[in-house]
Amino acid sequence: MSMASKTVTTRSADETEQLAARIAAKLRGGEVIELASDLGGGKTTFTRGLAAGGGSPDVVGSPTFTLSREYTGGRLHIYHFDFYRLHEAGIMSDELAELVGDPEAVVVVEWADVVQDVLPENRLSITITIADENSRTITLNAPEMLAYILEDL
C-alpha cells in the first residue's frame, strides 16, 4: 500500500495541540487515528488539540483508567480509546469495531497492539517521540486515501 509521510517537530505542548487542531480541521469523519508514543509522550496533549480543533468544548483527559472517552459538541464526534492496561481487548474490541467506519466518528486509539485485528488498514498512524523535555518529533503516516490530512501541515 502506498503511504504518504510527514515529520513535524513541536517545541511545546501548545505547538503539539496546534498541530493536532490543524489535523482536526482536515478530518471529514470516518477516520481512524492510531497514536503511539512512550508514557508521557504527548498522546493526551495531541488528542486535546484534536478535540478542540474539532470544536468540542469538552475537557480532554487520558482514558487510561476508563478505557474510552467521547468528545462531542463540535463538528467532529471523537472517540478516544486507550488500551494500555489491557492484555486483550475483550468487549472493547467489539465497541471499537462498531465505531470503525462510522462516517460521523473519528476514532483515536492509543496502545493499539491488542486491537490490530480490528483497526482498518487505512488509518492515520502518528508516532510521537520525545526529543527533550518540551520538544516532540511527530511522524505521520497515511495511506493514499488519507493523504489529504497531511497536506499543508
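**Entry 1: ground rules**

I number residues from 1 along each chain as its sequence is written, and side-chain values use heavy atoms, with hydrogens and water left out. Since the model is predicted, local features need pLDDT of at least 70 and side-chain atom pairs count only at pLDDT 80 or more, while totals for chains, interfaces and linings use all residues.

**Entry 2: the sheet**

I began with the strands. Helices (H or I, at least four residues) and strands (E, at least two) are DSSP runs, numbered from the N terminus. What is the order of the strands in the sheet? I read β1-β7-β6-β2-β5-β4-β3, an open sheet of 7 strands with mixed pairing. Two strands count as paired if DSSP finds at least two bridges between them. β1 and β3 stand at the edges with a single partner strand each, so one side of each has no neighbour in the sheet. The twist averages 15° from one strand to the next; axes here are lines fitted to C-alpha atoms (for helices, over the stretch in contact), and angles run from 0 to 180 degrees between N-to-C directions.

A reminder for myself: strands of a sheet pair through backbone hydrogen bonds, either parallel or antiparallel.

I then went through some of the pairs:

- β1 and β7 run antiparallel and are joined by 8 bridges; T10 stands opposite R136 in β7.
- β6 and β7 are also antiparallel, with 6 bridges, and they form a hairpin with 5 residues between them.
- β2 and β5 run parallel, joined by 4 bridges; E34 stands opposite V109 in β5.

**Entry 3: helices on the sheet**

α3 lies across β3, β4 and β5 and runs at about 150° to β4.

I stayed with α3 (residues 91-99), whose buried residues are M92, S93, L96 and L99. Buried means under 20% relative accessible area, exposed over 50%, and partly exposed in between (1.4 Å probe, protein chains only). Why do the buried residues line one face of the helix? Seen down the axis of α3, they fall within an arc of 125°, so they line one face; the arc is that of the directions from the helix axis to the C-beta atoms. The buried residues of α3 pack against β3 (68-71), β4 (77-82) and β5. On the other side of α3, I91 and E98 are exposed. Just after the helix, I noted G101 with a positive phi of about 90°.

**Entry 4: the cores**

A nonpolar core is a set of buried Ala, Val, Leu, Ile, Met, Phe, Trp, Tyr and Cys residues joined through side-chain atoms within 4.5 Å. The largest one has 29 residues, and I23, I33, L50, L124 and I126 touch the most other members. Elements that each supply at least two residues include β1 (3-10), α1 (13-26), β6 (124-130) and β7 (136-143). The largest share, 4 residues, comes from α1.

I picked out I126, whose bridge partner in β7 is L140. Leaving aside neighbours within four places in sequence, I126 is in contact with several residues, among them I33, F46 and I138. A second, separate core of 15 residues includes V32, A105, V109 and A112.

Is S37 buried or exposed? S37 is buried, with a relative accessible area of 11%, and is found in strand β2 (residues 32-37). A polar contact of 3.1 Å joins the side chains of S37 and K43. Such a contact is a pair of N or O atoms within 3.5 Å; within protein, one must be able to donate a hydrogen and the other to accept it, and residues adjacent in sequence count only if both atoms are side-chain atoms.

T44 is in helix α2 and counts as buried at 17% relative accessibility. Not counting residues up to four places away in sequence, T44 touches V60, G61, S62 and E110.

T47 also lies in α2 and is buried at 1% relative accessibility. With residues up to four places away in sequence left out, T47 touches L35, V60, Y71, H80, V108 and E110.

Key:
Contact = heavy atoms within 4.5 Å.
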